[in-house]
Structure formats: C-alpha cells, structure tokens
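Try each task before you read its solution.

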Amino acid sequence: MEEQSIGARLAAARAVAGMTVAQLSAATRIREAIIYAIERDDFSQCGGDFYERGHVKALARAVGLDPEAMVHLYDEQHGGAPAPVRAAAVFQADRRIRLAERRGPNWTTALGVALAIVVVFGVARVMGGEPEKVRSAGVQVSVTPSAPAAQGAGRGRPAAAVKGQVVVKANAERSSYVDVRDAEGRRIFAGTLAAGKTVTWRAKKRINLLLGDGGAVTLQVNGKDLGHPGTSGEAVRRSFGPPKSRAR
C-alpha cells in the first residue's frame, strides 16, 4: 500500500482531535490558508524548506502526532533533509581584506555607547517590575509541574472545591491537545498540554473541555478524582459544573 502523505496524516489527526482549521490556526499561529494547502500536500505558500519543516512540526505537535517523526517523513517524501553548509564556505571572502590602519581609541564613540547603555538600563528599571496579573471574567488558571505519571493522578493534591465555582485539575501523562471554555463559550486555554504538566482551571457556572486524547489526561473535578475521561487516542468532550451544596 502507498504510504499516506504528510497532508493526509495531519488532516486525519486534526479530525480525530475534533479541531477545526480555525482552532488549529489559533493554536499554532499558522494562517488558515497555509493549513488548508498543507493538508492538500501543497507547500508552495510556506516560503521555503525551512518554513515547511517548521510548519509540519508545529501542526503535528498541536494535533497530538510525534513532531520529529512527521518531519522525518516529510524529508523522506520531499527529497531528504537539507545538506549541511560548511561554515568556511559561508564566511570565506572572495577578496583579501586589507586591515585598516590601527588608530587610537575613539573616546567620543565610547562615551556615547556608555551613555546609551545607562539610559536603556534606567528606562528598563522604571518600566520594569512585576507584570500585572491578567484578569479574565472570574477565570483563574494555574500551572504546576506534576508528579511522575506512574504514580497516578490520585496521589497528587486534589483541586480544592470553591463555593460557586467549578474547579478542574488536569494531569497530562502524554502530550495532548486541550481546549477549555467557560459557560459563555469564552476560551480559557487552547493548545497542547505537554506531558508531565498539571494545570488547574477555575470558572463560574461551568467548564467545557475538549481533549484530543482522552487516555492521555487524568482529571480531578471539584476535588473528586475522575481518572481518564476516555481511551487512548479518543477525542472526548466533557462539561462540569460547580459542586452541589449539601442539604442541611
């Protein structure tokens, strides 16, 4: 059987992840027209071999494929990796360069450079400081390194339940695309959750999840361990609300 092309593999993986071209464009910052062309194995809009390989790697990572394996397949299907260039060939001069006559130091230039450095440093100190915290309609996101995947999500510290809020904690055992939105459809997070990372999302009313690989992520919702929301390679959607108040 003929080997599946780069574009066909990327398009199939995007469909499995449940992503539209617009969502993939937002996650990778690659224009939608270029993504459509690549999925048809048309790389003419990428701007050269360097950008073609970079786009293939970024798209593969976003849809849950192995980026290095996809770049290797691209090299096989498009004539191999580019030949290395010798540094001596790049920097070799066609003519002999006559060294300028040695002169004494230019103190005016040196003083100007030193003054510019002082001004830049002063501006940086004035305008620096701690960055402002981003506020987004009651949505809070925190990212912390997770424990090793072999230990299981149940041994980590559970996400604390907050009255009137839904708290979702996700632990990535493998890299997977994740799209998180609140009750009004506003995006909280969209992109690839790297293996070994733990992220906690908090929002009012509801959190809606789209997971490209339901078997790669374990979830805790309002402090309750839910385990894997799906099987390996399965694209799943889940919706969670705040904890119900106990009757007195």
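**Exercise 1: A sheet and its edges**

Find the bridge partner of I207 in β9.

Solution. The partner of I207 in β9 is F240. Before going on, note that this is a predicted model, where local features need pLDDT of at least 70, side-chain atom pairs count only at pLDDT 80 or more, and totals for chains, interfaces and linings use all residues. Residues are numbered from 1 along each chain as its sequence is written, and side-chain values use heavy atoms, with hydrogens and water left out.

Next, step out to the strands, which are DSSP runs of E with at least two residues, just as helices are runs of H or I with at least four, both numbered from the N terminus. Strand β6 (residues 207-211) runs antiparallel to β9, and five bridges join them; two strands pair if DSSP finds at least two bridges between them. The open sheet has four strands in the order β4-β3-β6-β9, paired antiparallel. Because β4 (187-193) and β9 (236-240) each have a single partner strand, they stand at the edges, and one side of each is left without a neighbour in the sheet.

**Exercise 2: Two packed helices**

Describe how helix α1 packs on helix α5.

Solution. Two packed helices are described by the angle between their axes and the distance between the axes. For α1 (residues 6-16) and α5 (residues 67-77), the angle is about 150° and the axes are 10 Å apart. The axes are lines fitted to C-alpha atoms over the stretch in contact, and angles run from 0 to 180 degrees between N-to-C directions. So α1 is roughly antiparallel to α5, a label for angles over 145 degrees.

Now list the contact residues, with contact meaning heavy atoms within 4.5 Å: α1 supplies I6, R9 and L10, while α5 supplies M70, L73, Y74 and Q77. By type, the residues of this contact divide into five nonpolar, one polar and one charged.

**Exercise 3: One residue in its surroundings**

Is Q23 buried or exposed?

Solution. Start with the location: Q23 is found in helix α2 (residues 21-28). Its relative accessibility is 16%, so Q23 counts as buried, the cut-off being under 20% relative accessible area with a 1.4 Å probe, protein chains only. Leaving aside residues up to four places away in sequence, Q23 touches G18, Y177, R181 and R187.

Note on methods:
Buried < 20%, exposed > 50% of the residue type's maximum accessible area, 1.4 Å probe, protein only. Parallel < 35°, antiparallel > 145°, perpendicular 65-115°, else oblique. Nonpolar A, V, L, I, M, F, W, Y, C, P; charged D, E, K, R; others polar.
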